[in-house]
Amino acid sequence: MPDKLDIVWKALSDPTRRAILDLLRDGPRTTTEIVESSPHLTRFGVMKHLDVLREAQLVQTTESGRQRMNSLNTVPIQQIYERWDNPFRELWSSQLIRLKEAVEGEGTREKRARERRKNKG
């Protein structure tokens with residue numbers, strides 16, 4: 001069964017698309033600026049990668065005259081993070097709380113035992 005985030009994973013799987021996202025992380029860029037930062041690609045190749053990123057909603061594009069300004073949309077990445085991080089965070093948080101309680105409980109018992117020995121001696 002397809003997942004709504006499959007398209008995001010596919011878009012992120014390509015190193016060129018990740019490089020474009022890294023560039024956009026520093027701020028919006030025109031398509032020309034992205035082409036100039038990718039000398040190994042043609043303008044057409046960059047535009048194809050941008051189409052995939054737009055389809056995954058990782059890039060938003062606004063037009064102003066003949067210029068297209070591309071900016072990063074981090075919402076899909078945050079959705080992936082929350083999907084995969086939250087269950088593990090809950091698991092480890094509860095485990096760490098139990099460990100803390102166990103350690104503090106042992107420490108309290110050991111402290112009382114030392115005080116009893118001290119008072120006897």
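**Exercise 1.** Which residue in E3 is the bridge partner of Thr30?

*Solution.* Before starting, note that this is a predicted model, where local features need pLDDT of at least 70 and side-chain atom pairs count only at pLDDT 80 or more, while totals for chains, interfaces and linings use all residues. Residues are numbered from 1 along each chain as its sequence is written, and side-chain values use heavy atoms, leaving out hydrogens and water.

Step 1: find the elements; helices (H or I, at least four residues) and strands (E, at least two) are DSSP runs numbered from the N terminus. Step 2: look at strand E1 (residues 29–30) and strand E3 (residues 67–72), which pair in the antiparallel sense over 2 bridges; two strands pair if DSSP finds at least two bridges between them. Step 3: the partner of Thr30 in E3 is Met69.

**Exercise 2.** Work out the strand order of the sheet, and what packs on it.

*Solution.* Step 1: strand E2 (residues 59–64) also pairs with E3 in the antiparallel sense, over 6 bridges, and Thr61 has Asn70 of E3 as its bridge partner. Step 2: the hairpin of E2 and E3 has 2 residues between the strands, and Gly65 there takes a positive phi near 65°. Step 3: put together, the 3 strands form an open sheet in the order E1-E3-E2. E1 and E2 are the edge strands, each pairing on one side only.

Step 2: Helix H2 (residues 15–25) lies across E1, E2 and E3 and runs at about 90° to E3. Helix H4 (residues 43–55) packs on the sheet, touching E2 and E3, and its direction makes about 115° with that of E2. Contact means heavy atoms within 4.5 Å; axes are lines fitted to C-alpha atoms, for helices over the stretch in contact, with angles from 0 to 180 degrees between N-to-C directions.

**Exercise 3.** Is Trp9 buried or partly exposed?

*Solution.* Step 1: locate Trp9 in helix H1 (residues 6–12). Step 2: recall the classes: buried is under 20% relative accessible area, exposed is over 50%, and partly exposed is in between (1.4 Å probe, protein chains only). Step 3: Trp9 is partly exposed because its relative accessible area is 41%.
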